[in-house]
Amino acid sequence: MEPQSCVNIHKEWDIVGARQLGREMAKNLGFGTVDQARIATAVSELARNIYLYAEQGQVCFEIIDSIERRGLCMMAIDSGPGIADIGQVMQDGFTTSGGLGAGLPGVKRLMDEFDIRSEVGEGTKIIATKWIR
Amino acid sequence: MEFKRLLIENSDSIVQKWMEEIESLKDSNYTATISDELYESTNREFVNVIFTSIRNEGSTKAVEDFSEKIINLGWPLSYITDGLQIFRRVSTEYLITQSEVVDSNFFTELSSSVNEWVEPLIRELVNEYSGSWEHIVSLQRVALQELSAPLIPVMEGITIMPLIGTIDTERAKLIMENLLEGAIKHNSEVVLIDITGVPVVDTMVAHHIIQAAEAVRLIGSTCILVGIRPEIAQTIVNLGIDLSNFPTKSSLKKGFSTALAITGRHVTDLNVKENNIEKMMDSLRGE
């Protein structure tokens with residue numbers, strides 16, 4: 001496995017940095033333009049969630065390169081307030097910030113694999129992977 | 001006082017040593033694009049500024065002029081800090097070799113007077129340098145803001161807002177304000193928002209665009225979203241964003257035709273008509 005590269009999210013412009021890194025890695029891995037846009041959008045959503053709700057955290061990328069398949073794995077980690085009801089946030093249209101409420105369920109649809117873990121008061125960790133077809 | 005006199009009297013050898021040291025830094029630290037003559041003359045000016053400042057106990061004008069010169073040349077801040085650190089080291093070493101008695105008392109006095117020479121210089125040069133950078137950054141921010149939400153009234157009743165680059169919350173606010181203000185000012189019936197140059201449309205960007213379009217609808221105009229690239233269309237569908245409430249088009253060209261249709265106009269090709277007339281004339285002549 002290749003070493004991870006991480007982007008710290010502190011301010012709104014860090015979202016752009018994370019997104020650019022994600023897109024660049026996806027491009028180098030050989031993803032098509034549509035998948036590049038999907039990955040960039042997913043990074044944008046996850047990084048924005050960190051910025052909006054946890055104020056600070058990290059978005060990390062890992063290239064998965066095994067014999068069977070290749071892909072890009074991203075991790076969004078924060079130690080923010082956490083999510084009490086994960087089932088609720090995975091529903092379309094649920095929002096606490098007046099947004100569209102399509103972020104997390106949207107990321108799940110944009111990526112191939114999606115895993116969310118959260119403890120109230122501890123933080124949230126989201127891992128999402130996109131495979132090269 | 002004693003050290004200062006000694007330093008100034010022996011300035012030649014200190015300058016020489018300093019020049020040698022900073023010369024050796026050039027290859028490792030700074031870009032090779034700086035010509036040797038320029039590098040040497042700037043070094044000479046730098047060391048003169050240092051000595052002037054020590055002699056006069058602070059010479060603001062010379063320091064100011066020098067830092068401005070470094071900024072204009074585009075040299076890194078590390079050139080200034082390296083130069084002053086070398087000066088601190090070279091002068092301390094030199095004064096130690098010149099002294100007969102070297103005890104702890106001597107060291108305390110020496111270091112305090114060297115600090116007295118170098119520290120105000122570091123402060124002033126670094127402040128000048130970083131202040132100038134901050135000024136440039138703030139100017140660029142203003143320039144960016146001026147570019148961030150342009151509104152073009154292309155013809156009576158039709159206005160276009162081309163968006164290029166990342167949309168953050170601050171910019172989204174500007175877009176909304178300019179869009180509404182412009183739509184009223186230019187009396188626009190149709191407003192086209194072109195997102196060809198927006199790299200990523202996530203839920204936040206979509207949300208702001210939907211709000212802007214809704215606000216435009218409230219003031220009685222129609223908002224058409226144009227420039228939706230195929231990959232953006234797919235991500236919007238994946239995200240589950242509902243854009244069915246206002247018209248969208250793939251390109252500005254198509255959006256503009258729709259805008260013309262809404263305002264009761266259409267494009268006619270004048271040359272085609274002329275050709276048709278010529279054909280008719282030809283066929284008449286042929287008969």
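Two residues are in contact if their C-beta atoms, placed from the backbone, lie within 7 Å. The model is predicted: local features need pLDDT of at least 70, side-chain atom pairs count only at pLDDT 80 or more, and totals for chains, interfaces and linings use all residues. Residues are numbered from 1 along each chain as its sequence is written, while chains are lettered from A and ligands numbered from 1 in the order in which they are written.

**View 1. Chain A has four helices and five strands.** Helices (H or I, at least four residues) and strands (E, at least two) are DSSP runs, numbered from the N terminus. Read from the N terminus, the elements of chain A follow the order β-α-α-β-β-α-α-β-β. Chain A has a radius of gyration of 14 Å, close to the 14 Å that the globule rule gives for 133 residues, so it is as compact as a globular protein of that length. This radius is taken over C-alpha atoms, and the globule rule is 2.2 Å times the number of residues to the power 0.38. The C-alpha trace of chain A spans about 40 × 25 × 25 Å along its principal axes.

**View 2. The sheet of chain A is open and antiparallel, with strand order β1-β2-β3-β5-β4.** Two strands pair if DSSP finds at least two bridges between them. In chain A, β1 (5-9) and β4 (113-119) stand at the edges with a single partner strand each, so one side of each is left without a neighbour in the sheet. On average, neighbouring strands of this sheet are turned by 15° against each other, direction ignored. Seven bridges link β4(A) to β5(A) (residues 123-131) in the antiparallel sense. E113(A) has T129(A) in β5(A) as its bridge partner.

**View 3. Helix α1(A) (residues 12-29) lies across β1, β2 (57-65) and β3 (70-78) of chain A.** The helix runs at about 160° to β1(A). Axes are lines fitted to C-alpha atoms, for helices over the stretch in contact, and angles run from 0 to 180 degrees between N-to-C directions.

**View 4. The sheet of chain B is open and mixed, with strand order β1-β2-β3-β4-β5.** Its edge strands, β1 (152-155) and β5 (248-249) of chain B, each pair on one side only. β3(B) (residues 190-197) and β4(B) (residues 222-226) run parallel and are joined by five bridges. Here L192(B) stands opposite I224(B) in β4(B). Helix α10(B) (residues 252-262) packs on the sheet and touches β2 (158-164), β3, β4 and β5 of chain B. The direction of α10(B) makes about 175° with that of β3(B).

**View 5. β1(B) and β2(B) form a hairpin with two residues between them.** The two strands pair in the antiparallel sense over three bridges. M155(B) has I158(B) in β2(B) as its bridge partner. In the turn, G157(B) has a positive phi of about 90°.

**View 6. Chains A and B touch through 21 residues of chain A and 17 residues of chain B.** On the chain B side, α8 (203-218) and α9 (230-239) are the elements that give two or more residues. The largest share, six residues, comes from α9(B). By class, this side of chain B has six nonpolar, eight polar and three charged residues. Ala, Val, Leu, Ile, Met, Phe, Trp, Tyr, Cys and Pro count as nonpolar, Asp, Glu, Lys and Arg as charged, and the others, Gly among them, as polar.
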